[in-house]
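These are notes for a colleague who will work from the coordinates. They take up a loop, the salt bridges, the strand pairing, the core and the aromatic rings in turn.

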Amino acid sequence: MSSCRIRAEARSSASPAVVFGLLTDVESWSRWGSWERTGLESEAPDGGGGVGAVRRLESVALGRRIVSRERVEEVVPDERLVYALLSGLPLRDYRGVVELTPDDGGTRITWSSSFDPQVWGTGWLYRAILQRFVADTATALARAAEVG
């Protein structure tokens, strides 16, 4: 199976530090994103939500509860967050990268992901669903950072 890739961009008038603060505060995701409940399942070895932390994101889609678990893989303050999906969707090798770039007094948010479907022939479907979801999430993050 070939790897699926998606990419979305959004722009916020907030600084990269403000955007990054929301991005790394998984507890806030249920306030600005489409999740019902979000939080840390387990902290990073050195504490908090850094590298090695496992995040738990709960949502409802098509009448079904979805609980996704993601491990934080890389954190570069005010620049990048990388995570891997551990469970929750029928995907393998899911890797998400959120990059923040200073942009004319604000921040350009680039959210990209790559993954392989577990079930042959479903890649196009998950690519379409996740493309929209990631674009909406990047936009929601940008707007939430502007509100403060």
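**Notes on the model**

1. Gly105 lies in the loop between β6 and β7; helices (H or I, at least four residues) and strands (E, at least two) are DSSP runs, numbered from the N terminus. This is a predicted model, in which local features need pLDDT of at least 70 and side-chain atom pairs count only at pLDDT 80 or more, while totals for chains, interfaces and linings use all residues. Residues are numbered from 1 along each chain as its sequence is written, and side-chain values use heavy atoms, with hydrogens and water left out.

2. Gly105 counts as exposed because its relative accessibility is 71% (buried means under 20% relative accessible area, exposed over 50%, partly exposed in between; 1.4 Å probe, protein chains only). Not counting residues up to four places away in sequence, Gly105 touches Arg11 and Ser13, where contact means heavy atoms within 4.5 Å. Between Gly105 and Ser3 there are 35 Å in space, C-alpha to C-alpha, and 102 residues in sequence.

3. Arg11 also forms a salt bridge with Asp103, with 2.8 Å between the closest N and O atoms (a side-chain nitrogen of Lys or Arg within 4 Å of a carboxyl oxygen of Asp or Glu). This pair links distant parts of the chain, as Asp103 is in strand β6 and Arg11 in strand β1, 92 residues apart. Asp103 also meets Arg108 in a salt bridge, at 3.3 Å, N to O. Asp103 is partly exposed at 24%, as are Arg11 at 28% and Arg108 at 27%.

4. The structure holds 16 salt bridges. One of them joins the side chains of Arg71 and Glu73 at 2.6 Å, N to O. A network of salt bridges links Glu36, Arg37, Glu41, Arg56, Glu58, Arg65 and Arg69.

5. Strands β4 (residues 64-76) and β5 (residues 80-87) pair in the antiparallel sense over seven bridges; pairing requires at least two DSSP bridges between two strands. They form a hairpin with three residues between them, and Asp78 in the turn has a positive phi of about 65°. β5 and β6 run antiparallel and are joined by five bridges. Their hairpin also has three residues between the strands, with Gly88 in the turn at a positive phi of about 120°. Which residues face Leu81 of β5? Val75 stands opposite Leu81, and in β6 the bridge partner of Leu81 is Val98.

6. The largest nonpolar core has 35 residues, of which Leu23, Trp29, Tyr94, Ile109, Trp111 and Leu141 touch the most other members. Such a core is a set of buried Ala, Val, Leu, Ile, Met, Phe, Trp, Tyr and Cys residues joined through side-chain atoms within 4.5 Å. Its largest share, eight residues, comes from α3.

7. The structure holds seven aromatic pairs (rings of Phe, Tyr and Trp, its six-membered ring, with centres within 6.5 Å; planes under 30 degrees apart are stacked, over 60 edge-to-face, the rest tilted). Trp32 and Trp35 are edge-to-face, at 6.4 Å centre to centre and 90° between the planes. Tyr94 and Phe115 are stacked, at 5.9 Å and 15°. Tyr94 lies in β6 and Phe115 in β7, so this pair ties together parts 21 residues apart in sequence. Both Tyr94 and Phe115 are buried. Ring pairs also link Trp29, Trp32, Trp35, Trp111 and Phe133 into a cluster.
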